[in-house]
Amino acid sequence: MGYRLVEIDFAQPLRPIALAADQNGCGIVARWHGRLVGFHLERCEPGATLSVAHLQRIADARFAQAVLAARVAEALPERSPEAADTTLSVVICTKDRAQRLARLLHSLHEAKRDSTFRSVEVIVVDNASTDQSTRDAAAGFGDVRYVLERRTGLNFARNAALAAATGQLIAYLDDDVVVDRCWLAGLAEAWRSRPDAGGFTGLVLPFRLDTEAQVHFEAIGGFGRGFARLEYRQVRFAKSLFPVGSGEIGAGCNMAFDRKLLVGIGGFDEALDTGAPLPGGGDLDIFYRVLRSGRTMVYEPRYAVYHEHRETIAQLRRQYWSWGLGMMAFLIKSRRSDPELKARHSGMVRWWFGDRSKALWKAILRGGMRDVRFVLAELWGGVVGLLGEYDRSLARVAAIREAAR
Amino acid sequence: MTGLVAVRHVDLRAAEPPVPVAELVLDIFWWGDLPLGFKQSLAGELPLGAGQMRALATELLAAQLAGRDPALGAPLAAGSEGRPRPALTLGAAAALDRPADALAAIAPAATNDARGISLVICTRDRPAALGKCLASLAGQRSPPGEIVVVDNSASGSARSTCLQFPGIVYVQEPRPGLSHARNAGVRAARGKIVAFTDDDVEPHPGWLAEIARAFERHDADCVTGLVLPASLDTAAQRSFQFAMGGFGSNVVPVMFDRRFFAETMPHGAQVWRIGAGANMAFRRSAFERAGLFDERLGAGASGCSEDSEFWYRLLALGGSCLYEPRAVTFHHHRAEWRELRSQMRSYMRGHVSALVAQWDAFGHRGNLQRIGRQLPSYFLRTALASLWHRRATRLLILAEEVRGWLAGLLYLVRPGWRRRRGEWPTL
């Protein structure tokens, strides 16, 4: 059972939505004259039809306020510079996923049509793919730069891109996303609103909701961070541990930075986000370091992508495990490299295990074996992460560097 | 919390004001004289910057439009906890002709004539605070027809302060108790509208003009407004504002009427959400209809809630109250920890006494449910949450609330007190 995912522009006349027999719900990406205003999951009977009246009820409760805000925004005086007078490098790191890469490049091509950036270069970093297909896919789009990084590991690839890129801004995309048609406009808007920011993150919506695992992931919040623009600094009111555990800022599949800043703080930590043994923690780490450098991070909902969530329950369980693992590896690393905030790192370790234990207890009370196993996987990942995974990863990464020499 | 806390007023139409030197800043957002909302920030999160100012303006103005534009469903009816019940539909938002005009229609501050208003200030042995309050009233854009100061002290200590200001009607009410004082004020007042504020309050310059406009536009029996903190200099003031929520933070008008009362009465109508005695005004006809304040209640008697009990009576008799947050007063919260503790104790005792009085007068069981079920459950939840989050201050305040509740229970077993049920003083 999955959900049907639909995009509705509520400025247009509504039509009923019919679900297939194997669909027991509907995910609605809401727009208003093209502008993203909301996302909603509606559970239904399998094969049901959502009538126009039903859609209107959903819209009144979930989107009307955002539509009104969009209309108010029209009425407020616009800030002066319309164009984002800066250069941008868009980086896609990929490994053995030529089809998804082509899909993403296609969406990027669409988004580039009305770019206001001075220039946009697209760089595909091939992270040691086993065959030619990635190179071929990139070659299918004329203006794409191809960079090969032989050392396997997402952050090796991200750093290779950092060295190759020329833009003042550098935007990273994972290969399992597709960009929204307003993605570039959203990033330009975010940059214009705060040109001195160190980094930008954006909204991540689901690309499809075909399986139970994908619906489950989205229902517990997914990568969604909401439809309000936010700014983050080194401290936050009523969040005494911030910026430790800065996952609320965004997700690594859709992030952009001031390239010079990134170079200045030494790029990405290659021992995090390495793929198979330690597939996580890299985004937490880079957000944390950008904030600690004293620069602001901006979350802009119009800077949106659609992410292909894990397809099966087993894959999703592994993702839970990797969240725990990545989180703890990041905490161990940061505690060492940033002793000034040591107390917050230790506090986060305690809070995290307390919070996950609470989640485990709730899952047990609800009696859903699946949810219990998700939380257990995450907790187990946390334990492994705490017990030296970062150091093991450092050793592995050193060996990879050695071998590539 | 340690360190300095500052209140910063940010007009989102203008450039961002400088960041005050403080550890924590409570930003109060305005659109000219229209209050839009609040945000607490650590100094390190400020300045907000142009992008965030604009994002806030967009979101907060949209909320104001939804709450103020009749074409979008305003005024909003009160939900069970006194919060505005959303009425906006996508169709209405889409049909809004020109948003700029709609904003221009709700933005202007009131300039309505307030000479029909008698302003009553009850005071008891706080000449310095009263002097500040009276001095600030000179700045009202629309001055009231008269200012009545009711001196509730035995010694007449407010008389000399009043003599420093021209045209003050001085009334002495030696019987102790805020209800006695308020009733003396109503009897002395000659205006068609009687507005109340307290001696520890300084009203916004547009306060009475806004009250006057609200009564002209709506046929409500009572109008209440927003009470903002004047300053947050001491730990006690911060506890009252942040741990206890101050006098509320809703910035959208809400209508409390017969329907609100009918819906919420079975579980104890939460009339205290309507407003605060530091910022309320009544048509004289409301007192003709419902009588005057219950003299067993209020500061100096059972502790407080003479205002909310009156609202209860008014609503029970079919009247209505409009909360209009653009009528703003600034309150000086209790500065000393000792004062705050005793205030929280008497708030709770007064609250329970008012519930007993309401039960006696109308027989609505929701009042007993509130005393016996909702309040104990609130105590328990607050205790657990405070322990979990290690909020020692909140626990200390809670202890005072529980003491106040226990003291309030005693009213249930005071036959002499309860025998005076339903006998309210009249004009």
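This is a predicted model: local features need pLDDT of at least 70, side-chain atom pairs count only at pLDDT 80 or more; totals for chains, interfaces and linings use all residues.
Local features were required to have pLDDT of at least 70 and side-chain atom pairs pLDDT 80 or more, while totals for chains, interfaces and linings use all residues, and side-chain values rest on heavy atoms, with hydrogens and water left out. Residues are numbered from 1 along each chain as its sequence is written, with chains lettered from A and ligands numbered from 1 in the order in which they are written.

In chain A, UniProt lists residues 89–196 under "domain: Glycosyltransferase 2-like", in an unreviewed entry. UniProt positions follow the numbering used here, feature names are shortened, and annotations may be inferred rather than shown by experiment. The span is 40% helix and 28% strand, and its end C-alpha atoms lie 17 Å apart. Helices (H or I, at least four residues) and strands (E, at least two) are DSSP runs numbered from the N terminus.

Rolling a probe the size of a water molecule over the atoms shows where empty space is left. A cavity is a set of points, on a 1 Å grid over the protein atoms alone, where a 1.4 Å probe fits but cannot get out; lining residues have an atom within 4 Å of a point. Grid points are joined across faces, edges and corners, and a volume is the space filled by probe spheres set on the points. Two cavities of 30 Å³ or more were counted.

The largest cavity holds about 50 Å³ of space. Its lining is formed by A:Leu105, A:Leu108, A:His109, A:Lys112, A:Val122, A:Phe141, A:Asp143 and A:Val144. Helix H3 (residues 98–111) of chain A supplies the largest share of this lining, three residues. By class, five of the lining residues are nonpolar, one is polar and two are charged. In this scheme Ala, Val, Leu, Ile, Met, Phe, Trp, Tyr, Cys and Pro are nonpolar, Asp, Glu, Lys and Arg are charged, and the others, Gly among them, are polar.

The second largest cavity holds about 30 Å³. Lining it are B:Ala269, B:Val271, B:Trp272, B:Ser308, B:His351, B:Ala354, B:Leu355 and B:Gln358. Helix H12 (residues 337–362) of chain B contributes the most to this lining, with four residues. The lining has five nonpolar, three polar and no charged residues. Helix H12 of chain B also contains B:Trp359, which is partly exposed at 22% relative accessibility. Buried means under 20% relative accessible area, exposed over 50%, and partly exposed in between (1.4 Å probe, protein chains only).

Over all chains, zero disulfides were counted, a disulfide being a pair of cysteine sulfur atoms within 2.5 Å. For A:Cys44, the closest cysteine sulfur is that of A:Cys26, at 6.3 Å, too far for a bond. A:Cys44 is buried, with a relative accessible area of 14%. The sulfur of A:Cys182 has its closest cysteine sulfur in A:Cys253, 18 Å away and likewise too far for a bond. A:Cys182 is also buried, at 16% relative accessibility.

Backbone geometry was considered last. Most residues other than glycine have a negative phi, and most peptide bonds are trans. The bond from A:Phe242 to A:Pro243 is cis, with omega near 5°, and A:Pro243 lies in the loop between strand E12 (230–232) and strand E13 (254–258) of chain A. A cis peptide bond, with omega about 0°, also joins B:Leu46 and B:Pro47; B:Pro47 is in the loop between strand E3 (34–42) and H1 of chain B.

A:Asp273, although not a glycine, has a positive phi of about 50°. This residue is in the loop between helix H8 (259–264) and helix H9 (282–292) of chain A and is buried at 10% relative accessible area. B:Ser305, not a glycine either, has a positive phi of about 75°. B:Ser305 is in the loop between helix H10 (284–290) and helix H11 (306–316) of chain B, and is buried with a relative accessible area of 6%.

Note on methods:
On a 1 Å grid over the protein atoms alone, a cavity is a set of points where a 1.4 Å probe fits but cannot get out, and a pocket is an open set with protein on both sides within 12 Å along at least five of seven lines; lining residues have an atom within 4 Å of a point.
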